[in-house]
Amino acid sequence: MINSRIVFILCISTSVFWCLAQFVNVYHFAISGAIFEILWLPMILLIVVLPVVTLVLWAKGKFNPKSLDLYSFLIILATIIIIYLRN
């Protein structure tokens with residue numbers, strides 16, 4: 001079963017990854033470029049799947065405003081907006 005804490009941690013890590021990729025030159029050092037190249041495909045998958053997962057979990061929790069699912073959705077939504085507006 002999917003845990004809300006795991007989804008929340010995945011949302012934060014995905015958000016940090018994409019914000020770093022937008023605002024920092026990841027290819028300045030070879031190791032950071034290699035790590036970015038390894039992780040970009042799973043992060044693209046997460047940026048697409050996580051909003052759906054968080055909405056489903058939030059609906060299962062009867063739309064509780066204090067749940068981590070709402071905050072996970074807001075984090076991933078803010079990340080998508082930052083990526084969209086930055087390009």
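Tutor: Let us begin with Pro 42, which is placed in helix α2. Helices here are DSSP runs of H or I with at least four residues, strands are runs of E with at least two, and both are numbered from the N terminus. The model is a predicted one, where local features need pLDDT of at least 70 and side-chain atom pairs count only at pLDDT 80 or more, while totals for chains, interfaces and linings use all residues. Residues are numbered from 1 along each chain as its sequence is written, and side-chain values use heavy atoms, leaving out hydrogens and water.

Student: Which elements does the protein have, and how many helices and strands are there?

Tutor: The protein has three helices and zero strands, so in DSSP terms the order from the N terminus is α-α-α. Its C-alpha trace spans about 45 × 30 × 15 Å along the principal axes.

Student: Is Pro 42 buried or exposed, or something in between?

Tutor: Buried means under 20% relative accessible area, exposed means over 50%, and partly exposed lies in between, with a 1.4 Å probe and protein chains only. Pro 42 has a relative accessible area of 40%, so it is partly exposed. Its C-alpha atom is 20 Å from that of Leu 55, 13 residues away along the chain. Across the 87 residues of the protein, 31% are buried.

Student: How should I read a nonpolar core, and which residues of the largest one touch the most other members?

Tutor: In soluble globular proteins, nonpolar side chains tend to be buried together. A nonpolar core is a set of buried Ala, Val, Leu, Ile, Met, Phe, Trp, Tyr and Cys residues joined through side-chain atoms within 4.5 Å. The largest core has 13 residues, and those touching the most other members are Val 7, Cys 11, Phe 17, Trp 18, Ile 47, Leu 50 and Ile 76. At least two core residues come from each of α1 (4-23), α2 (30-60) and α3 (68-86). Helix α2 gives the largest share, six residues.

Student: What does Leu 50 contact beyond its sequence neighbours?

Tutor: Contact means heavy atoms within 4.5 Å. Setting aside neighbours within four places in sequence, Leu 50 meets Val 7, Leu 10, Cys 11, Thr 14 and Ile 76. Thr 54, also placed in helix α2, is buried at a relative accessible area of 0%. Beyond residues up to four places away, Thr 54 touches Val 7, Cys 11, Asp 69, Ser 72 and Phe 73. For the protein, 67% of contacts with a separation of 6 or more join residues 24 or more positions apart.

Student: How many disulfides are there?

Tutor: A disulfide is a pair of cysteine sulfur atoms within 2.5 Å, and a search of the whole structure finds zero. For Cys 11, the nearest cysteine sulfur is that of Cys 19, 13 Å away. Cys 11 is buried, with 0% relative accessible area.

Student: And which residues form the nonpolar patch on the surface?

Tutor: Patches are made of residues with over 30% relative accessible area and no salt bridge, joining like charges within 9 Å and nonpolar side chains (Val, Leu, Ile, Met, Phe, Trp, Tyr) within 5 Å. A salt bridge is a side-chain nitrogen of Lys or Arg within 4 Å of a carboxyl oxygen of Asp or Glu. Here the patch consists of Leu 68, Tyr 71, Leu 74, Leu 77, Ile 81, Tyr 84 and Leu 85, with about 710 Å² of accessible area together. Such areas come from the Shrake-Rupley method with a 1.4 Å probe; for residues, only the protein chains shown count as cover. Ile 81, in helix α3, is partly exposed at 44% relative accessibility.
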